[in-house]
Amino acid sequence: MKKGNVKALLPIGVFLVLYLGLGILFEYFLKINMGFYNIPIVVAFLVALLVACLQNKALDFDKKLEIMGRGVGDKNIFTMILIFLTAGIFVGVVGRESAESVAYFMLSAIPAQYAVMVLFVVSCFVSLAMGTSVGTITLITPIAVAVSNASGFGLPLCVSAVIGGSMFGDNLSFISDTTIAACNGQGCKMKDKFRANFLIAMPAALITLVILLVISLNSEISGAVANDYNLVQIIPYILVLIGGIIGINVFAVLLIGIVSGAAIMLITGSTQPTKLLANMGDGASGMFETIIVTVLVSAICALIREYGGFDALLAGIKKVFKGKKGGQVGMGLLVGVLDIATANNTVAIVMANPIANEIANDYGISPQKSASILDTFSCVFQAILPYGAQMLVAISAVTSLGGQISALEIIPLLFYPCLLCVSSLISIGFTKSKKEA
C-alpha cells in the first residue's frame, strides 16, 4: 500500500461542502421547492475535478489527463454507461401505462381492506420492473391518494407504503441505476448480487407486509378504487425480470424487453411509431446526467487514488472498523454518509465504489457482498431523507392533487427501509470470519 495522503481527499470535501451547502441554502433558507435538485450536480463535480487537477504539483497536466483517461476508460465504467443508456431506452419504450395497469388490476381483484398492502406490493413490482424508485413514486402516489380518499386509510400510511415498495425494487432491479453502478463498480454479475441481496430484502419486505396486515385488520375500511388496465403491457417487464434472474446477459435481457415492449405498444395501438422513437430518445436522454456524473467521478477518483487519498481513507477505516464484519459496516456507513451529503443514492454508490473496492480487497469481502452492501445501505438512507428525491416527489404528487402531507408524517411509517437496515446488519453479523469464496 502506498503512503496515505489525507489532503488528496480534498476534492471530495469540496464537492460535499458545495453541494450540501447550496442544497441547505436553497431548500431551507430560500424555500426553493426541491432545492437540492436545483443545484447543477455536474458543475459541482467539475469544480471538484478542477481542485483535484490543481493538487500535486509534481505531476504535469498531461500526466494527470492520462491518469483521468485510464480511470474513465476502465471496462466497468464503460459497461456501466452502456447499460445506463440501454435501460433508459427500455423504460422509455414501455411507458407509464404498464405500471398503472399492474396497480389497477390488483386493486380491482383484492378487497379494499388490503389496499395498503396492495400499494406496497405493486410498488415493489413496478420498481423492480422499471428500475426506478422516483419513477414508481411518480406513477403510484396519485393512486395512493385515490386509495386513501376511497377507503379511509390515512394518506401518510398509503404514501409510505409506496415509498417503501419503490425502494425494494430500486435495491433489487436488474435495470436500476444503483444496481448497475454497484455491480459494475465492484465487478460482480447482476444475478449474483441479486441472490445476495434477495436474502436481505425479502425478509424485510415480508415483515413489512405483516405489519401492514395488522394495521389493515384494525382499520375500518370501505369503498374501492377502479380504473381500466391492460395486462398485456406488463409482458416486457416480466421478460426482463425472468431473463435477469436466470442469468442472461444484461444487454440481451434489455434488448428483449425493448423489442417486445415496442411490438406490444405498436400492436395494441398504445403509441405511434414516431412517438415510440421519441420516447426511446427521451429515455436515453434521462440517463445523460447520471452518465456525465459517472465519468467525472471516475476521473476524480483516479487522481485521488494516484495521490494516495484512498490509502489514507482505508487506513482510517481500519482503525475504527476491525475484521470482515467491521469492514462491511464501514462500507455501509461510508455510502450512507455520501448519500446524506448528495441526496442521490446512485451518485453515492459511484463515489463510494473505488473506496469500497479497496475495503473489499483488504478484508476479503466478495464482490457480490460489497455490491449488495453499497446498494442496500444507500437505499436505506435515501428512503428516509426528508430532502431526498423520493420524499419530495411523493409530497409534490400529493400537493398537486390538492392534498397536504409532510415528511414528518411519512418517515415514522417507513417500515420497509428500517427493516431493510436491520436485515442488512443481521446479515453482516452472520458473516464468517474467513475469506469468502
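Thr179 is found in helix α9, residues 177-186. Helices here are DSSP runs of H or I with at least four residues, numbered from the N terminus. This is a predicted model: local features need pLDDT of at least 70, side-chain atom pairs count only at pLDDT 80 or more, and totals for chains, interfaces and linings use all residues. Residues are numbered from 1 along each chain as its sequence is written, and side-chain values use heavy atoms, with hydrogens and water left out.

Thr179 counts as buried at 1% relative accessibility. Buried means under 20% relative accessible area, exposed means over 50%, and partly exposed lies in between (1.4 Å probe, protein chains only). The side chain of Thr179 makes a polar contact of 3.2 Å with that of Asp375. A polar contact is a pair of N or O atoms within 3.5 Å; within protein, one must be able to donate a hydrogen and the other to accept it, and residues adjacent in sequence count only if both atoms are side-chain atoms.

Ser160 is placed in helix α8, residues 155-172. Ser160 is buried too, at 4% relative accessibility. Leu22 sits in helix α1 and is partly exposed, with a relative accessible area of 29%. Between the C-alpha atoms of Leu22 and Ser173 there are 32 Å, across 151 residues of chain.

**Aromatic pairs**

The whole structure holds six aromatic pairs. Rings of Phe, Tyr and Trp (its six-membered ring) pair if their centres lie within 6.5 Å; planes under 30 degrees apart count as stacked, over 60 as edge-to-face and the rest as tilted. Two of the pairs are set out below.

| Pair | Centre to centre | Angle between planes | Class |
|---|---|---|---|
| Phe15 and Phe45 | 3.9 Å | 10 degrees | stacked |
| Phe120 and Tyr416 | 6.0 Å | 55 degrees | tilted |

Phe15 lies in helix α1 (residues 10-29) and Phe45 in helix α2 (residues 41-54), so this pair ties together parts 30 residues apart in sequence. Both Phe15 and Phe45 are buried. Ring pairs also bring in Tyr19, forming a cluster of Phe15, Tyr19 and Phe45.

Phe120 belongs to helix α6 (residues 115-130) and Tyr416 to helix α21 (residues 415-429); the pair links distant parts of the chain, 296 residues apart. Phe120 and Tyr416 are both buried.

**Cysteines**

How many disulfides does the structure contain? The search finds zero. A disulfide is a pair of cysteine sulfur atoms within 2.5 Å. For Cys53, the closest cysteine sulfur is that of Cys301, 13 Å away and too far for a bond. Cys53 counts as buried, at 15% relative accessibility. Cys188 is in no disulfide either; its nearest cysteine sulfur, in Cys183, is 3.9 Å away. Cys188 is buried, with a relative accessible area of 13%.

**A nonpolar surface patch**

Val232, Ile235, Ile238, Leu239, Ile242, Ile245, Ile246, Ile248 and Ile256 form a nonpolar patch on the surface. Together they have about 710 Å² of accessible area, from the Shrake-Rupley method with a 1.4 Å probe; for residues, only the protein chains shown count as cover. Patches are made of residues with over 30% relative accessible area and no salt bridge: like charges are joined within 9 Å, nonpolar side chains (Val, Leu, Ile, Met, Phe, Trp, Tyr) within 5 Å. A salt bridge is a side-chain nitrogen of Lys or Arg within 4 Å of a carboxyl oxygen of Asp or Glu.

Helix α11 (residues 235-246) gives the largest share of the patch, six residues. Ile248 lies in the loop between α11 and α12 (250-267). Ile248 is partly exposed, with a relative accessible area of 36%.

Technical notes:
Helix = DSSP H or I, 4+ residues; strand = E, 2+ residues; numbered from the N terminus.
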